[in-house]
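Please look over the sequence and the model shown below. This report is meant for a reader who has not seen them before.

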Amino acid sequence: MAAASSSDSDSGRAESSEANSKWLDAHYDPVANIHTFSACLVLADLHGDGEHKLVVGDLGPGGQQPRLKVLKGPAVLTESPLPALPAAAATFLMEHHEPQAPALALASGPCVYVYKNLRPYFKFSLPQLPPNPLEQDLWHQAKEMSLPSIPVFLEASGQFDVEFRLAAACRNGNIYILRRDSKHPKYCIELSAQPVGLVRVHKVLVVGSTEDSLHGFTHKGKKLWTVHMPAAILTMNLLEQRSRGLQAVMAGLANGEVRIYRDKALLNVIRAPDAVTSLCFGRYGREENTLIMTTRGGGLIIKILKRTAVFVEGGGEMGPPPAQATKLNVPRKTRLYVDQTLREREAGTAMHRAFQTDLYLLRLRTARAYVQALESSLSPMSMTAREPLKLHAVVQGLGPTFKLTLHLQNPSTARPALGLLICFLYNEALYALPRAFFKVPLLVPGLNYPLETFVESLSNKGISDIIKVLVLREGQSAPLLSAHINMPVSEGLAAA
C-alpha cells in the first residue's frame with residue numbers, strides 16, 4: 001500500500017501545497033463506489049498477522065444495496081451483502097489467546113452482527129434477546145440511565161469501575177453527561193444549534209454544530225472556546241498520533257476541506273477534490289499513520305502522514321498571532337488597589353451620581369458651544385438648506401508676503417449660488433490686503449472655486465494674529481459662514 005496506484009496521479013496534483021508538505025498521496029479512486037460515514041469505518045488487524053485492514057459499512061448508491069466491504073490496500077478483499085443499512089462498526093477481542101484476532105461488531109437495522117475471521121459468528125436482535133448474564137449488571141445500570149431526548153452521538157471515557165463518563169448528544173440540541181452511579185444526567189450542555197459530531201480529545205469534548213462552528217467543553221459543561229468554519233461540517237473524527245502523543249480533531253467541510261485542530265489552533269488543511277463525508281485515521285496495512293477519506297461522490301482517498309511531519313499551531317493558514325493567546329503577567333494586588341476597591345464598594349452610589357452629573361454638564365456645555373457656533377456662523381460649512389456652502393483656506397509662503405487661497409464650494413445638487421460677497425476682518429496695524437472686500441462669481445454646484453489674494457505682514461516684531469473671513473449674502477447683515485485663519489509668523493522679516 002506504500003506505492004500509489006496509477007489511477008490517482010492526475011488527481012493528486014489538485015491537492016494543496018500545504019497538504020503535500022505533510023501527507024503522501026497513497027491512493028485516490030474517484031469511482032470506488034463507497035458511500036458511508038465515519039462511524040462505519042474501522043481499521044483493524046482482522047487476521048492477527050500485523051497487517052491492518054479497512055472495514056467499511058457501505059450504504060450503497062442512494063441507500064440501496066448495503067454491503068460489508070473489507071479493503072486491503074486499495075483493493076476490496078471481501079464483500080458481503082447486509083440485510084439493512086449499517087449504523088456503526090467496532091472491533092473487540094473475544095478471546096485472549098495468541099494470536100489475538102479481533103471480532104467485528106456491525107449494527108445493521110435492529111440487529112448487531114458479530115463477524116470473526118470475516119465470517120458471520122453471532123447475531124443479536126435488539127431488544128428481543130435477553131442480555132448476556134455476565135453483562136447483566138452493566139445493562140441494568142445502563143437501563144436505569146434516562147435521557148430527555150434521543151441520543152445521536154455517544155462518547156465514553158474512563159474505565160467502567162473508575163471515573164466512567166458518558167456524553168450523549170441528543171436531538172433536542174443538548175449534550176448530557178452521565179456518570180456510572182447516576183440515573184439522570186449530571187451536567188447538561190445547551191447548544192444554540194443541532195450537533196453534527198462529537199469527539200473527545202483528551203479531557204475536552206469537541207462538538208460540531210450546524211452553525212458551522214466547533215465548540216470545546218469540559219466534562220462539567222464549561223465552554224472553553226469556539227472556532228468558526230468557512231463551510232458546513234459534514235463529518236468529524238479523532239486523529240491520534242501515538243508516536244508524538246498528539247490528539248487532534250478532524251473536521252470534513254462541505255467545501256472539500258479537511259481541517260485539523262488541536263483545541264482551537266489550526267494545525268493543517270487538506271483540500272480534497274470533493275466534499276469528504278467520512279474520516280478514519282490509524283494503522284492501515286503496515287503504515288502507522290494513515291488517513292482514510294471517502295467523498296460524497298463515492299470516491300476513496302488514502303493519505304500517509306510523513307514520518308518527518310510535525311504539526312505546528314498556525315501551520316494550516318494565517319490566523320491570530322500566538323501572542324494573542326498568551327496570558328498577561330498581571331502584577332499582584334497592591335495595598336492601594338485594595339483600599340480603592342473597598343472605597344468603591346462603600347461609596348459606589350455616590351461615585352456613580354457624581355459621574356452622571358459631570359457627564360450631563362459636559363453634554364450641556366457641548367450643546368451650548370454648538371448653538372453658539374451656528375448662531376455666529378463660525379463653522380466653515382453652511383448647514384442651511386437654501387445656501388449650502390463649504391469654505392477652506394490655505395496660507396502659503398514665509399513672509400512678509402503670504403498667498404491666501406480660499407476654496408469655496410457649492411455642494412448643492414442643482415441650485416447655483418448667486419450674489420455672494422467675501423469680507424476680511426483683520427488688524428490693519430499688522431496686515432495689509434489689496435482687497436478686503438470683493439464679490440464672488442456664480443458658483444456652479446459641485447465645483448471647487450479657488451479665490452486667491454495676498455496678505456502682507458507689516459510688523460517686524462515676530463508676532464501674528466487672526467484674519468477672519470466672512471461669506472455674506474447681498475442685502476443680509478448676518479454672514480452665511482465664517483472662518484478664522486491663524487496667520488503664521490513672518491520669517492522673512494525675522495531673517496532680515
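This is a predicted model: local features need pLDDT of at least 70, side-chain atom pairs count only at pLDDT 80 or more; totals for chains, interfaces and linings use all residues.

Residues are numbered from 1 along each chain as its sequence is written, and side-chain values use heavy atoms, with hydrogens and water left out.

**The chain**

The chain has six helices and 32 strands; both are DSSP runs numbered from the N terminus, helices being H or I with at least four residues and strands E with at least two. Of its 496 residues, 39% count as buried. Buried means under 20% relative accessible area, exposed over 50%, and partly exposed in between (1.4 Å probe, protein chains only). The accessible surface comes to about 28500 Å², and 55% of that belongs to carbon and sulfur atoms; the areas come from the Shrake-Rupley method with a 1.4 Å probe, and for residues only the protein chains shown count as cover. Among contacts (heavy atoms within 4.5 Å) between residues at least 6 apart in sequence, 48% join residues at least 24 apart.

**Salt bridges**

The structure holds twelve salt bridges, each a side-chain nitrogen of Lys or Arg within 4 Å of a carboxyl oxygen of Asp or Glu. The table lists some of them.

| Lysine 303 | Aspartate 25 | 2.3 Å |

Lysine 303 is buried at 2% relative accessibility, whereas aspartate 25 is partly exposed at 30%.

Arginine 200 in strand β14 (residues 195-201) and glutamate 155 in strand β10 (residues 151-157) are 45 residues apart. Arginine 200 is partly exposed, at 26%.

Glutamate 257 belongs to strand β20 and arginine 271 to strand β21 (residues 265-271), 14 residues apart. Glutamate 257 is buried, at 10%, and arginine 271 is partly exposed, at 34%. Glu257, Arg259 and Arg271 are linked in a network of salt bridges.

Arginine 259 is also in strand β20 (residues 257-262) and is buried at 7% relative accessibility. Its side chain makes polar contacts with the side chains of glutamate 257 (2.9 Å) and tyrosine 261 (3.2 Å). A polar contact is a pair of N or O atoms within 3.5 Å; within protein, one must be able to donate a hydrogen and the other to accept it, and residues adjacent in sequence count only if both atoms are side-chain atoms.

**Strand pairing**

Strands β18 (residues 233-241) and β19 (residues 246-253) pair in the antiparallel sense over eight bridges; two strands pair if DSSP finds at least two bridges between them. Asparagine 237 has methionine 250 in β19 as its bridge partner. Four residues separate the strands of this hairpin, in which glycine 245 takes a positive phi near 65°.

An open antiparallel sheet has four strands in the order β25-β26-β30-β28. Its edge strands, β25 (390-396) and β28 (431-432), each pair on one side only. Two bridges join β28 to β30 (residues 448-457), and alanine 432 has glutamate 456 in β30 as its bridge partner.

**Two loop residues**

Asparagine 33, in the loop between β1 (23-29) and β2 (41-44), has a positive phi near 60° and is partly exposed at 37%. Glutamine 65, in the loop between β3 (53-58) and β4 (67-72), has a positive phi near 55° and is exposed at 61%.
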